[in-house]
Each structure stands twice: as structure tokens, then as C-alpha cells.
2 protein chains.
Amino acid sequence: MAADARVLEDLRAAILRGEFAPRQRLVEAELCERFDASRFAVRAALQALEADGLVERQRNVGARIREIGIEEAVEISEVRQVVEGLIARRAAERASDAEAEALATIGREMHAAVAAGEVGEYSDLNARLHSTLRDIACHEKANGIIAHLHGQMVRHQFALSHQPGRSKVSVWQHQAIIDAVVARDGDAAEAAMRAHIASVIEALRAIATP
Amino acid sequence: MAADARVLEDLRAAILRGEFAPRQRLVEAELCERFDASRFAVRAALQALEADGLVERQRNVGARIREIGIEEAVEISEVRQVVEGLIARRAAERASDAEAEALATIGREMHAAVAAGEVGEYSDLNARLHSTLRDIACHEKANGIIAHLHGQMVRHQFALSHQPGRSKVSVWQHQAIIDAVVARDGDAAEAAMRAHIASVIEALRAIATP
DNA sequence: CCGACCTGTATTGTCGACAATATTGTCGAT
DNA sequence: ATCGACAATATTGTCGACAATACAGGTCGG
């Protein structure tokens, strides 16, 4: 039992892994076979995923992967800008010495990864930096919203991280965030985070109009 | 047909109207009778409401109204602080002359309501001000998140609006927001909105420790 | 040749019945 | 009298079958 939850997690992971194309139809019967589950479980998963904003459903038509256009990705990033700003501020206000040191270490590893041209490694470190900040901020609601928004951005996030030359710019933005948190300067941390995501938004718009 | 959606909306409205006490159990059979719907529709509604954060469910135990403590209400307000800040900024950047005038009118009506001691009227105007700002900002994602957070706050919002003397303080904060938007000053609008919600958070904390 | 209609098929929506599980109440032993 | 185990009940979880609906392709009339 609890096949419900398993299907939900598997399907969500598959979507986040990019195994389905935007606007691709998700036929219940197919998902039943793929995940070896009853239609009941599949339906529940689809309903949950709809609330998550990952799929959209039309009555009597079915479910499909929701397509997130550039305009919507920009809106999502604008919200992320302020909410991650809040997280950065809280992190600066609450970081212990050990936590500050952990951030500084990530910063050093980022510089090393950029110098070595390791884009995959840098992308991982990027995720780890933001996640560490969330852990320090310890703000359930803000963290939840970021997770929610992040799920809808995966496709664009992927495109961004493979933008050549971006890491050389963003590494210093990341460093500014780290420095502000280490200095326990909430205002500066929020400002640095906002500036960082502002540059992400710019890059998003640049992708839109090549 | 579409009994599903009706039950969801009715039940959500009932919860938002405060017809259920926090942690009150929501037995499926009872809801079936009350809304004259099938268990199927009720289950779907409960699942959706769980995603909304209005009810919580335990496997094989059932659903109950989620209790939102002061600490969580503060967290919610902290997120609202930055997201409504974003909305205020956008509103200042995008407001047409007609929209600015509409805001100014709401401001005048607020002062009148406070002078007349009409707390219900003032509460309505408060909702209308924020909603008008959202319309002007025209930011789907931000508006959606605010709606989401607002739903979880209704109970505390009610307690706040009946706090004697609050309107005399908040009316000037509201006026500051309106002035900033009318002056098309995004920075000031965001700052004013943040200050306003900071005072809401303070009031929340004051309720917690009487 | 084109458009409207109509029928067949694929897919989702709805339901009622049954199974699984937690909660509550009862009984006996210590 | 209190505690534990066990049975009874209430409630939710799961499923398969059927109904309702939308879509595609073909057919008929103009």
C-alpha cells in the first residue's frame, strides 16, 4: 500500500529529470503501465502535480506537462528574487561560525571549479550554496515556496547553466552573497542576492531573444 | 457533473469563513451529506485543500483543519512582506493615471472610515487596497502566492483587524504606500509596503504574548 | 470541391462496494 | 482500581466497472 506516494514521487522525479516534453500528454493508462500502478494512484498523483504547477489538466481531455514560457520564467525569477533575498538576509542574521565557514568553503570550491572549467561541478556547487543558505535561514515557508518555484524552472535552469561564460560572471555574485553573510550584514546579503538573481533574469531574457 | 469543483469551492469558502475550528476533524461522510456530494468529490476537494495548506491529512486517520500557530503566521507574514513589496514596486512602475486616482480615492475613504470608527468598512477598504495593487502590478505568480498565503492567515487576520487602535496606525502606512505609487516611486512603494507589514508582524507577536 | 454533420473510438469522470487500518470500548487479570 | 489485550466500530484506502465526454475520420449534401 501507499503506492500512491511512490507513483507521485516517481512521476515528479521523471518530470523534473526532463523525461517529458512540454505540452506532452500524460495518458493515465500509459502511466499506469509505466509505474505499474492503478489508475487511482495515477489520478491522485496527477492531481497533486497539478497543484504543484507541473502539469495542467483539462476536464475530459486529460493532463499534459505544463509549458513554462520565458515570460513566466521571468515572473518566477522575480518572485525568487525577493524570497531568496529574504533567505539571504535571515542567513546573515542567524549563521553560526561553522555555517559561515561552510559557505566560505563553497565559495573557494566555486572559484576552483570555474578556473578548471568544470561546469557540471560548478552547477552542483551553485545548488549547494543556495541550499545551504536555506538551511541556515531555517524559514519553512520561504523554503517551501522556493522549492515550489524551482520545480517549474528546471528546464530553463538547465539552459542557463549551459550558457557559456555565465559562471565567470556569477561566481563573483555568489562571492558577494557569501561575504555579506559571513560579515553578518543582512542588508548587504539581501542586496547581493537580488543582484545575482537580477542577472539571472537578464540572462533568461537574452535566451528569449537570440 | 463538475460537482467536484463546486464542493471544493464551497468547502474552501466554509473554511475561510471560519466555520470549522482548527484541528477539527473533517469526516468524509459528514462532508458528503453537508454538500450533497459523493465521497469521490469530497476526497478530491480534501486533497486539493491539503495542497493549499488549509487542511492536513494522515493516512488512514483522516483530514482535519490545519492549525496555524503564531510562529507560522509570522513566517507567512515575512514572506508576504517581500512579495507584497514586489507587488507595490511593480504597481508604482506600471500604474496608469486612472489607477493612481483609484488608489488615492481608496486612501481618502480609509481616512473617512477611521474617523467614523467604522472598523468593518475599514477592513473592506484594506482588502480592496491590496487587491487593487495586485491588479495594477499584474504579476500572476506573485498574486498567486499572496492568495495562497492569505488563505492560511484568515483566522489571524480577523484577530488583527479587531485589535483596537490598529486602524489609526495602519491608515498612515497605507497612505504612504498610496503616495509612493502615485509618485511612481518603486523604491518608496516597496519600502512603505515592507514597513506596513513589519507592523503587522509586530502586532501578531503582541497578540501571542498578551 | 468544400463544409457540416454524424458516428466510432479513445480517454477521462463518477460511482458503489469491499478491503485495510486506526480508534474506541470492554473485559479479565493482577 | 489499573493496566493490558482483545473485539467492535468507525473511517479511510483501493479498485474495477460503467457512464460521459471529446476528438478524428469518414460520409453526405450543397
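Predicted model: local features only at pLDDT ≥ 70, side-chain atom pairs only at ≥ 80, totals over all residues.
Me: Where do I start with DNA strand C, and which residues come nearest?
Reply: There are 17 residues around DNA strand C. Those that come nearest are Arg39(A), Arg43(A), Asn60(A), Ser38(B) and Phe40(B).

Me: What part of DNA strand C lies within 4 Å of the protein, sugar or phosphate, or bases?
Reply: Of those atoms, 72% belong to sugar or phosphate. The rest belong to bases.

Me: Which phosphate contacts can I look up?
Reply: Take one from each chain. In chain A, a side-chain N or O atom of Arg43(A) is 2.6 Å from a phosphate oxygen of DNA strand C.

Me: Which side chain is 3.4 Å from a sugar or linking oxygen of DNA strand C?
Reply: That is Arg59(A), through an N or O atom of its side chain.

Me: Which elements give two or more residues to the surface near DNA strand C?
Reply: They are strand 1 (25–26) and helix 3 (39–52) of chain A.

Me: Now salt bridges. What is the general idea?
Reply: Side chains of opposite charge can pair when their charged atoms come close. Over all chains, the count here is 39 salt bridges.

Me: Which residue forms a salt bridge with Arg12(A)?
Reply: The partner is Asp52(A), and the closest N and O atoms are 2.0 Å apart. Arg12(A) sits in helix 1 (residues 3–16) of chain A and Asp52(A) in helix 3 of chain A, so the pair ties together parts 40 residues apart in sequence.

Me: Is Asp187(A) buried or exposed?
Reply: Asp187(A) is exposed, because its relative accessible area is 52% and exposed means over 50%. Arg89(A) has 21% relative accessibility, so it counts as partly exposed.

Me: Are Glu190(A) and Arg194(A) buried or exposed?
Reply: Buried means under 20% relative accessible area. Glu190(A) is buried, at 5%. Arg194(A) is buried too, at 18%.

Me: Which residues join them in one network?
Reply: Salt bridges that share partners join Arg89(A), Asp187(A), Glu190(A) and Arg194(A) with Arg89(B), Asp187(B), Glu190(B) and Arg194(B).

Me: How do I read an interface?
Reply: The size of an interface is often given as the accessible area lost when the parts come together. Chain A and chain B bury about 2100 Å² between them. Of that area, 56% is on carbon and sulfur atoms. The contact takes 30 residues from chain A and 30 residues from chain B.

Me: Which three residues supply more of the area that chain A buries against chain B than any other three?
Reply: They are Gln47(A), Glu75(A) and Lys141(A), which supply 26% of it.

Me: How many salt bridges and polar contacts cross the interface of chain A and chain B?
Reply: Six salt bridges cross it. There are also 12 residue pairs in polar contact. A salt bridge also pairs Arg90(B) with Glu78(A), with closest N and O atoms 3.9 Å apart.

Me: Which helix of chain A gives the most to the side that touches chain B?
Reply: Helix 4 of chain A, with 10 residues. The side of chain A that touches chain B divides into 15 nonpolar, 12 charged and three polar residues.

Me: Last, a single residue. Where is Glu56(B) found?
Reply: Glu56(B) is in strand 2 (residues 55–58) of chain B. Its relative accessibility is 29%, so it counts as partly exposed. Leaving aside neighbours within four places in sequence, Glu56(B) has contacts that include Arg23(B), Gly62(B) and Ile65(B). Leu26(B) is 30 residues from Glu56(B) along the chain, and their C-alpha atoms are separated by 9.8 Å.

Notes
Residues numbered from 1 in each chain as written. Chains lettered and ligands numbered in written order. Heavy atoms only, no water. Near = heavy atom within 4 Å. Polar contact = N/O pair within 3.5 Å; in protein donor to acceptor, adjacent residues only side chain to side chain. Helix = DSSP H or I, 4+ residues; strand = E, 2+ residues; numbered from the N terminus. Buried < 20%, exposed > 50% of the residue type's maximum accessible area, 1.4 Å probe, protein only. Contact = heavy atoms within 4.5 Å. Salt bridge = Lys/Arg side-chain N within 4 Å of Asp/Glu carboxyl O. Buried area = accessible area lost by both parts, 1.4 Å probe. Nonpolar A, V, L, I, M, F, W, Y, C, P; charged D, E, K, R; others polar.
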